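Me: Could you walk me through this one with me? I'd like to ask about a few spots as they come up.

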Amino acid sequence: MTALLDTRALKAFYGDAQALFGIDFSLDRGELVAIIGANGAGKSTFLKSLTGLVRAPIDAIRFKGEPIGGLPPGDIVRRGLAMVPEGRRLFASLSVEENLLMGATPARKGPWNLQRLYALFPILAEKRNQPGTSLSGGQQQMVALGRALMSNPEVLLCDELSLGLAPIVIREIYAAMPSITAEGMTVVIVEQDVTMARQVSKRIYCFQEGRVSLQGHSADLTREQISQAYFGIA
Ligand code: ATP
């Protein structure tokens, strides 16, 4: 079976500094895959390469068999990849609802709309007219997730959904995942919370210093394998 999305020997640079050293990654339709790894391992850079925010050679990334590396971010969203950026990045001058609507892409149709999102996160319906940035961190994360879903992507890329949130709030956010994957959405999460990553994902990639240090089915990987791949301790 051809992968929905795959990268081959993907490298990325910031000026002269190399951040990714040849990432081989593949994703099948309907999977939830987690990328774990320490600060600076290259997880965010990898997601940014997939979405065109960091330059990549055209052939290094394939989506549905077509090369998409280095295409403009807008093109990539229209093709069906959407990212929930680290730190939520809501528009401060816009209401919750306006922030959500910013994610909508006329070129893409699908099940996700305001009504669907409000059913998934009822608190957002209650606060729809408030400035997005007046919400709690967890609620802002729901808005950021909802904004990405509004483009009805085929692949949803989530960068550190749990960053700075209390455990109970993290569980609340992840509780939405089954509804998101139920209709065949493919999801990649970058997650520093390894326990959560193992619980919610089918497969895990661990990054270390810009390389894949471990990959496998979440249920098969041991704690020892993961800590070695994560921290590089033998
Ligand atoms: P974090 O959890 O801290 O976000 P990460 O695994 O996502 O870590 P990246 O943010 O992808 O890691 O960083 C990978 C490497 O690229 C690091 O060495 C980092 O210092 C470097 N880097 C990231 N962003 C930039 C940038 N805008 N300019 C220069 N170097 C950068």
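Me: Let's start with Thr 105, is it buried or exposed?
Reply: In this predicted model, Thr 105 counts as buried because its relative accessible area is 13%, and the cut-off for that class is under 20%.

Me: And where does Thr 105 lie?
Reply: Thr 105 is in the loop that runs between α3 (96-102) and α4 (114-120).

Me: What does Thr 105 touch there?
Reply: Not counting residues up to four places away in sequence, Thr 105 touches Val 77, Arg 78, Met 150 and Ser 151.

Me: Switching to the ligand, which residues come nearest?
Reply: There are 13 residues around the ligand, and of these Gly 40, Gly 42, Lys 43, Ser 44 and Thr 45 come nearest. By class, that shell has 4 nonpolar, 6 polar and 3 charged residues, and helix α1 (residues 43-50) gives the most to it, with 3 residues.

Me: How far is the polar side-chain atom of Thr 45 from an oxygen atom of the ligand?
Reply: That distance is 2.5 Å. On the backbone side, a polar atom of Ser 44 is 2.7 Å from an oxygen atom of the ligand, and a polar backbone atom of Ala 41 is 3.0 Å from an oxygen atom of the ligand.

Me: How much of the ligand's area does the protein bury?
Reply: The protein buries 58% of the 630 Å² that the ligand exposes when taken alone.

Me: OK, the core now. Which residues of the largest nonpolar core touch the most other members?
Reply: Of its 45 residues, those are Leu 145, Leu 156, Cys 158, Met 177, Ile 180 and Val 187. Helix α6 (residues 137-149) gives the most to this core, with 6 residues.

Me: What is Cys 158 in contact with?
Reply: Leaving aside neighbours within four places in sequence, Cys 158 is in contact with Leu 47, Val 84, Leu 145, Met 177, Val 187, Val 188, Ile 189 and Val 190. Apart from that core lies another one, of 30 residues, including Leu 5 and Phe 207.

Me: Last topic, the backbone. What is phi of Glu 160?
Reply: Phi of Glu 160 is near 50°, a positive value in a residue other than glycine, whereas most residues other than glycine have a negative phi. Glu 160 sits in the loop between β7 (155-159) and α7 (167-174).

Me: And what about Glu 209, buried or exposed?
Reply: Glu 209 is exposed, with a relative accessible area of 60%, while Glu 160 is buried at 5%. Glu 209 also has a positive phi, of about 45°, and lies in the loop between β9 (203-208) and β10 (211-217).

Notes. Residues numbered from 1 in each chain as written. Predicted model: local features only at pLDDT ≥ 70, side-chain atom pairs only at ≥ 80, totals over all residues. Heavy atoms only, no water. Near = heavy atom within 4 Å. Polar contact = N/O pair within 3.5 Å; in protein donor to acceptor, adjacent residues only side chain to side chain. Areas by Shrake-Rupley, 256 points an atom, 1.4 Å probe, with all protein chains shown as cover. Helix = DSSP H or I, 4+ residues; strand = E, 2+ residues; numbered from the N terminus. Nonpolar A, V, L, I, M, F, W, Y, C, P; charged D, E, K, R; others polar. Core = buried A, V, L, I, M, F, W, Y, C linked by side-chain atoms within 4.5 Å. Buried < 20%, exposed > 50% of the residue type's maximum accessible area, 1.4 Å probe, protein only. Contact = heavy atoms within 4.5 Å.
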